[in-house]
Number of protein chains: 2
Amino acid sequence: MLKMIERKSADPRNGSLCVAEAASESVPFDINRVYYIYGVQRGVQRGAHAHKTLKQVLICVHGRIEISLDDGRGNVQTTVLNEPSDGLYVGPGMWRTMKWLQDDSVLLVLASEHYNEADYIRDYDEFIEYGKRRS
Amino acid sequence: MLKMIERKSADPRNGSLCVAEAASESVPFDINRVYYIYGVQRGVQRGAHAHKTLKQVLICVHGRIEISLDDGRGNVQTTVLNEPSDGLYVGPGMWRTMKWLQDDSVLLVLASEHYNEADYIRDYDEFIEYGKRRS
């Protein structure tokens with residue numbers, strides 16, 4: 001689900017400023033963790049995991065990155081992020097992969113919880129089984 | 001004050017991931033607001049304000065940006081941010097200016113509070129007066 005991050009622009013030379021307030025419409029959770037991925041070559045895929053409870057908003061602040069979200073029930077949604085004012089909400093139970101479409105694209109992720117290894121599902125078969133147990 | 005943001009690197013092709021946990025050594029406050037500035041042409045300056053209470057960590061996640069911090073007492077500290085794992089802590093009462101050294105550099109800011117216009121000081125003379133009243 002794409003959410004608009006509030007964007008403020010003035011003189012085009014001066015660029016744009018996007019604001020993501022915690023616990024707002026654009027970021028519907030408290031922000032306990034922020035991470036960003038950079039220095040990735042075009043064509044590289046990252047991700048390939050799911051979370052049991054974590055909520056995140058993914059933002060491509062530079063370049064172009066393709067995000068695939070698999071709900072484990074046969075539904076795969078693919079979105080190209082190439083506009084810094086777009087935020088992609090990723091809820092729990094989604095297997096995500098990110099493919100870099102342009103060198104040096106930067107992915108910014110706002111996350112609802114501190115790091116917790118027990119919240120990760122890193123094996124796809126286990127992810128499918130986890131989804132069956134939940135439904 | 002430069003703070004190291006936790007950095008995880010694997011295969012160089014796969015880039016690096018930096019993590020900023022709220023209320024940690026690298027980000028010594030809760031993160032209530034995140035903003036980022038992009039699409040700025042080289043040579044442009046932004047900022048030129050201070051905050052009465054807001055705490056921030058500034059990170060250049062792409063490119064090169066020069067940050068000047070003026071404490072209003074004759075001390076100006078200038079830092080070039082060009083490494084995404086560097087976070088520059090900016091406490092209250094610092095007049096900041098940011099100069100873009102490279103087109104399309106992206107500045108990410110983690111902030112301790114939600115937006116509050118009353119916390120801004122946008123006039124330099126007023127900033128100097130405010131500093132005198134505080135000391």
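## Terms and model

Strands here are DSSP runs of E, at least two residues long, numbered from the N terminus. The model is predicted.

## Largest pocket

Strands from both chains build this site. Chain A brings strand 4 (33-38) and strand 5 (45-51), and chain B brings strand 2 (6-9) and strand 3 (16-21); each supplies at least two residues of the lining of the largest pocket. The volume of this pocket is about 350 Å³. Its lining counts 17 residues, and the closest to the centre are A:Arg46, A:His49, A:Tyr120, A:Arg122 and B:Leu17.

By class, 8 residues of this lining are nonpolar, 5 are polar and 4 are charged.

## Second largest pocket

The second largest pocket holds about 240 Å³ of space. It has 13 lining residues. Nearest its centre lie A:Leu17, B:Arg46, B:His49, B:Tyr120 and B:Arg122.

In chain B, strand 4 (33-38) and strand 5 (45-51) each supply at least two lining residues. Strand 5 of chain B gives the most, with 4 residues.

## How the chains are related

Chain B superposes on chain A by a rotation of 180°, with 0.0 Å of shift along the axis and an RMSD of 0.0 Å. The two copies are therefore related as by a two-fold rotation axis. Both copies use the same surface: 100% of the contact residues of chain B recur in chain A.

Which residue of chain B comes closest to the rotation axis? B:Ile31 does, with its C-alpha at 3.0 Å.

Notes
Residues are numbered from 1 along each chain as its sequence is written. Chains are lettered from A and ligands numbered from 1 in the order in which they are written. This is a predicted model: local features need pLDDT of at least 70, side-chain atom pairs count only at pLDDT 80 or more; totals for chains, interfaces and linings use all residues. Side-chain values use heavy atoms; hydrogens and water are left out. On a 1 Å grid over the protein atoms alone, a cavity is a set of points where a 1.4 Å probe fits but cannot get out, and a pocket is an open set with protein on both sides within 12 Å along at least five of seven lines; lining residues have an atom within 4 Å of a point. Grid points are joined across faces, edges and corners, and a volume is the space filled by probe spheres set on the points. Ala, Val, Leu, Ile, Met, Phe, Trp, Tyr, Cys and Pro count as nonpolar, Asp, Glu, Lys and Arg as charged, and the others, Gly among them, as polar. Copies are superposed by least squares on the C-alpha atoms of residues with pLDDT of at least 70 in both. Contact means heavy atoms within 4.5 Å.
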